[in-house]
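Welcome, and please open your viewer. We will go from the whole chain to a few selected spots, one stop at a time.

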Amino acid sequence: KQIKDRQIGDTQTGLYMGKRVDSRSLHRYDKRIMERKIAPEDIPDMAIGILIDTSGSMGGSRLETAIKCAYIPYSFCQQLEIPCFVIGHSASTDVRLKSVVDENSIDSKDKKRIFDLTAGGCNRDGFALRYCLGKLKTIPADQKVMIIISDGRPNHDGYGIESGRKDCQDAVRDGIKAGITTIAAAIADAEAIKSVYKEGVSDKNSAVYLDLSDLSKLPKAFVKILKEKLE
């Protein structure tokens, strides 16, 4: 609502000083009778990427929760015409990326594709994250946010917790250098995900961590982060 109001513009009333007298406030004893126009703002100049872990451990209720977590910011972006893409990732012999929403999508089937995601295989998070960060870099916007939704640690042939942690942290750091804020959202095994993105690295060079084991916390947490970016 705040962003919509700022896009439309408004009139602020009840001021001691302003550009003109508000005739409807002349009865006030506190002399707050002035008003001023608030010009429309062309905001937010923002782009958002969403990466969903669709490995085998994400089957059942976990994937359902992850999809809902992705749909909330996607829906927000749709309402405000913010460029947004959603990609699922897993790995077998190689990394598989499934684009279900593109920032230039025009076929009105985004929601169906998001909710049709399925789980299977392993997860090589760093590779998928680097791809998405590279995609965000090509979208012209002042503020860029990358959201990763997962239920655990990286897990692929020759790609365990130590190598996965370094790979993911390096990717996040590269994103920060390009002006991209990464949010690591945990829907399960919260401590493991926190260790991947936060352990051994300063807050300045790490992802923002969100524990979303309680899905109802996502809207407020997401909006809080966006407000900090826009202020």
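Here is the tour, starting with the overall view.

**Before you click**

This is a predicted model, in which local features need pLDDT of at least 70 and side-chain atom pairs count only at pLDDT 80 or more, while totals for chains, interfaces and linings use all residues. Residues are numbered from 1 along each chain as its sequence is written, and side-chain values use heavy atoms, with hydrogens and water left out.

**Stop 1: the whole protein**

Show everything as a cartoon. You will find seven helices and nine strands; these are DSSP runs (helices H or I, at least four residues; strands E, at least two), numbered from the N terminus. Of the 231 residues, 44% are buried (under 20% relative accessible area; exposed is over 50% and partly exposed in between, with a 1.4 Å probe and protein chains only). Among contacts (heavy atoms within 4.5 Å) between residues at least 6 apart in sequence, 72% join residues at least 24 apart.

**Stop 2: helix α2**

Select residues 61–80, the 20 residues of helix α2. The end C-alpha atoms of α2 are 29 Å apart, which agrees with the 28 Å that the helix should span at 1.5 Å a residue (1.5 Å times one less than its number of residues).

Which residues of α2 are buried? Colour Leu-63, Ala-66, Ile-67, Cys-69, Ala-70, Pro-73, Tyr-74, Cys-77 and Leu-80 to see them. They cover an arc of only 165° around the axis, so they sit on the same side of α2; the arc is that of the directions from the helix axis to the C-beta atoms. Turn to the other side of α2, where Ser-61 and Gln-79 are exposed.

**Stop 3: helices α4 and α5**

Now select residues 125–137 (α4) and 161–177 (α5), whose axes come within 8 Å and cross at roughly 10°. Because of that angle, α4 is roughly parallel to α5 (angles under 35 degrees). On the α4 side, the contact is made by Asp-125, Gly-126, Phe-127, Leu-129, Arg-130 and Leu-133. Residues of α5 in this contact include Asp-167, Cys-168 and Val-172.

**Stop 4: Asp-211**

Finally, pick Asp-211 in strand β9 (residues 208–211). Is Asp-211 buried or partly exposed? Asp-211 is partly exposed, with a relative accessible area of 37%. Leaving aside neighbours within four places in sequence, Asp-211 is in contact with Ala-186 and Ala-190. Select Ala-185 too: Asp-211 and Ala-185 are 26 residues apart in sequence and 6.0 Å apart in space, C-alpha to C-alpha.

Conventions:
Axes are lines fitted to C-alpha atoms, for helices over the stretch in contact, and angles run from 0 to 180 degrees between N-to-C directions. Angles under 35 degrees count as roughly parallel, over 145 as roughly antiparallel, 65 to 115 as roughly perpendicular and the rest as oblique.
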